[in-house]
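Take a moment with the sequence and the model. The paragraphs below start inside one chain and then cross to its partner.

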Amino acid sequence: MKYILMMNGKKSDFEGYARWSKEDLQANVAFMRSFSKELKDSGVFVASEGLGWPNEAKLVRAGSKGEPITDGVFPESKEFLAGYWIVDVESPEQAYAIAARLSQAPGPEEKTENMPVEVRQVLSSHSDLGL
Amino acid sequence: MKYILLMSSTKTGVSGYHQWSQSDRDAHMQTLGGIAKELVDSGEFVATQGLTEPKEAKMVRGEKNGVPVTDGIFPESKEFLLGYWIVDVATPERAFAIAGRISAAPGPGGIPTNMPIEVRQFAERPAATN
């Protein structure tokens, strides 16, 4: 069963991250690296990507002739995807356990709450898209 | 340049999709399938993935002892990822054009859904994940 683990944050969360000290950032990156390595070593790793910052995000709709109309204005409450991990596991519980590990990634000392990770099963086939 | 095109919706939007007729759904998926095939042929296709329904979504936090705490209650306004396309394109404009095509896919009665598609570039150096 494949699950996607998503880290989301508002623009204010991203701005907060930009203010972390170098030591805090290094500790966080070191954790993420060893976390990914562990997932690869245990054979559950499928894919992982980090996304560019929300200030570069665009919302696109089709105009009347199908031309793209882009918009870069989002509500303050908008949650932006920061990055994701796709894992292939035996049970939802295993996905939740991996997400809990991710949630415990180290941050600044004053951080009081662990980061929530959204866990969703992905569709097993792309048959609808003919791929 | 790799971009991810994200299609998201609130639970209300997903319930609306359930009311589409089968022929409207088929026409919609046929258009999306055609776009995906074109991207494969042009060499811009990297990946696409659909997600299961929002009602199965869980939010997970880790307690101090590492125990996962799951929560399935979300605000009504929460936007759930429905699916994504990853493309490798020469310019941002090309990514926007592909997103426009997806947004123009037909909905009920053949009228374009005009769904907003969020377009994001991948981090230049995904240091945190490599």
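Among the contacts in chain A with a separation of 6 or more, 74% join residues 24 or more positions apart. Two residues are in contact if their C-beta atoms, placed from the backbone, lie within 7 Å. This is a predicted model, in which local features need pLDDT of at least 70, side-chain atom pairs count only at pLDDT 80 or more, and totals for chains, interfaces and linings use all residues. Residues are numbered from 1 along each chain as its sequence is written, while chains are lettered from A and ligands numbered from 1 in the order in which they are written.

Stay with chain A. The chain holds 3 helices and 6 strands. Helices (H or I, at least four residues) and strands (E, at least two) are DSSP runs, numbered from the N terminus. Along the sequence, the pattern reads β-α-α-β-β-β-β-α-β. The C-alpha trace of chain A spans about 50 × 40 × 20 Å along its principal axes. Of the 131 residues in chain A, 30% are buried. A residue is buried if 20 or more other C-beta atoms lie within 10 Å of its own, exposed if 12 or fewer, and partly exposed in between, with C-beta atoms placed from the backbone.

Now look at the sheet. Strands of a sheet pair through backbone hydrogen bonds, either parallel or antiparallel. Here 6 strands form an open sheet, with antiparallel pairing, in the order β2(A)-β5(A)-β1(A)-β6(A)-β3(B)-β4(B). Its edge strands are β2 (45-50) of chain A and β4 (68-71) of chain B, each pairing on one side only. From one strand to the next, the twist averages 25°. Axes are lines fitted to C-alpha atoms, for helices over the stretch in contact, and angles run from 0 to 180 degrees between N-to-C directions.

Where do strands β6 of chain A and β3 of chain B join? Residues 117-121 of chain A and residues 58-62 of chain B run antiparallel, joined by 3 bridges. Two strands pair if DSSP finds at least two bridges between them. A:E118 has B:M59 as its bridge partner. A:V119 is partnered by B:K58.

The contact between the chains takes in 47 residues of chain B and 45 residues of chain A. On the chain B side, α3(B) gives the largest share, 6 residues. That side divides into 25 nonpolar, 14 polar and 8 charged residues. Ala, Val, Leu, Ile, Met, Phe, Trp, Tyr, Cys and Pro count as nonpolar, Asp, Glu, Lys and Arg as charged, and the others, Gly among them, as polar.
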